[in-house]
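Subject: A structure to look at

Hello,

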Amino acid sequence: MMQQNDRKRVLLVENDPHDAELTLGALRADGTAAQVDLVNDGEEALDYLYRRNGYKSRVEANPVLIILDLNMPKLGGAETLQQIKADERFKCLPVIMLSSSRETQDVRMCYRLGANGYVVKPVHAKQFAKAIRELASFWVSTNEAPP
Amino acid sequence: MLEAVDILLVDDKPENLAALESILDGPEYRLTKARSAQEALLALISTDFALIVLDIRMPDTSGLELAQIIKGRKRTKDIPIIFLTAHYAEDEQVLSGYSAGAVDYLTKPINPGILKSKVEVFAELFRKTKALNEANRNLNRRNEELQAANQELEAFSYTVSHDLRAPLRHVNGYVEMLREHAEPTLDPTSRRYLDLIQQSAAKLGDLIDHFLGFAHMGRTALSIAPVNMNDIVRQAIDALQPETAGRDIQWSMAELPQVQADPTMIRQVWTNLLSNAVKYTRDRAPAHIEIGVERPKSREYLFYVRDNGVGFDMRYAGRLFGIFQRLHPDTQFAGTGIGLANVRRIIKRHGGRTYAEGTVNAGAKISFTLPIPSDLRN
């Protein structure tokens, strides 16, 4: 049996508590081996990665996947993405953007900033859950995470 | 009553000025007299003249030099000048050097009738130009206002649609989770309520998605390319497989011409029209769906989809292409009322028109035209 701390981790950056709960629900129901850590905005995500402020004592390995909401107050998804991809230590971490926008300019901007994927949040619950599960299944189980 | 226009008279001799003044006396002109180039330039600063009548020979700065200054300044260069010359043979060379139209000349002694009619022509030109400029300015301003209003509206509808999606996603999500969580304990009535919530939420989701698509379509630039209509129609029919499976549908399709259009948008037009035809012939066995083309004019094609479905009352034909307009109750034929509105919008953007003909219980024919570029009209 794997210990809790040995499980692969997914960092979910989502400021909308309902979306967070639905995403967590979908990931839990999936039964993937992943442990999901939830942070509420971009600043907290960077604190998490840099192990500072509230995350000074974080000892676990870095996540194999970051799911990043595009539309967040304070430090937005795009800025957070930019900072992650600008840092040599984190730039290889796969980042998937979650957004309710299908706007070409949003999608293009995220890929330009180095996003590894872009998922439009479906309105229908089953499609939403399916999208999240497929995401997790690929990035946590199929994909080889950067060492 | 004509609006009075300003005319500048320039001559160093007071008696000449007085003569000009008496010839041009009348309510349609406001005359300003200048006895030197200096005075003339001063007057030009404060007044917007329709015309200058200028004596070529003046003692200080000559009339020709003054004309050069006037034509060299951006503000005054378009003011027409009528030169008055007593020595036409000597001045001809110089006069012909000025650009035609804005400059005219008269030889002394002045023939009052000719001077009057020349001045009239220039005054009329000035009034018309002024009116035209004014109209142009108004048009430009209105155009800008319209564009701004349109952009605002598009942005507004887009934001609203986006903001509506989040809570709807949550309703859907929690119903689904509640179902999973409480399934074993739910009685049939509770399950039915959950079903109804989910159906309504799904319906709202479709509405928002279609509305978003509609708004998005309005803002996307057309990307025109040659489109093979035969291929696009066949693909659209194939894509309707889930709805057509198990149905008895007799398709008939004419050989369609190639057109110049935005392929993605034209595909959407066919998909909407064909899925409507499939939907509204649901109770027919066999259903007939005919795809055809006519060429009513040399410069356009008219494509149509005709079916033998439930049809509609021609009295309501005008409402068919309006957004959120539906002629059939949702309980009978599901839909959001955006499909045909989108068709019309797409076709309009391509410079075409849409038509609907129908009879209750005897089918419908929905047509659209597409212009044929002039180099492809054979």
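Chain B averages a pLDDT of 86, and 93% of its residues score at least 70, where pLDDT is the predictor's confidence in each residue, from 0 to 100. This is a predicted model, in which local features need pLDDT of at least 70 and side-chain atom pairs count only at pLDDT 80 or more, while totals for chains, interfaces and linings use all residues. Residues are numbered from 1 along each chain as its sequence is written, and chains are lettered from A and ligands numbered from 1 in the order in which they are written.

Within chain B, confidence is lowest in helix α4 (residues 88-97), with a mean of 64, and highest in strand β10 (residues 300-307), at 95. Where pLDDT is low, the predicted coordinates should not be read in detail. For the model, the scores are ipTM 0.71 and pTM 0.54.

Chain B holds 10 helices and 12 strands, these being DSSP runs numbered from the N terminus, with helices (H or I) of at least four residues and strands (E) of at least two. Of the 378 residues in chain B, 26% are buried, a word used here if 20 or more other C-beta atoms, placed from the backbone, lie within 10 Å of the residue's own.

In chain B, 5 strands form an open sheet with parallel pairing, in the order β2-β1-β3-β4-β5; two strands pair if DSSP finds at least two bridges between them. Because β2 (29-34) and β5 (103-107) of chain B stand at the edges with a single partner strand each, one side of each is left without a neighbour in the sheet. Inside this sheet, strand β3 (residues 51-55) of chain B is joined by 4 bridges to the parallel strand β4 (residues 81-85) of chain B, and Asp55(B) has Leu84(B) as its bridge partner in β4(B).

Best wishes

Definitions and conventions. A residue is buried if 20 or more other C-beta atoms lie within 10 Å of its own, exposed if 12 or fewer, and partly exposed in between; C-beta atoms are placed from the backbone.
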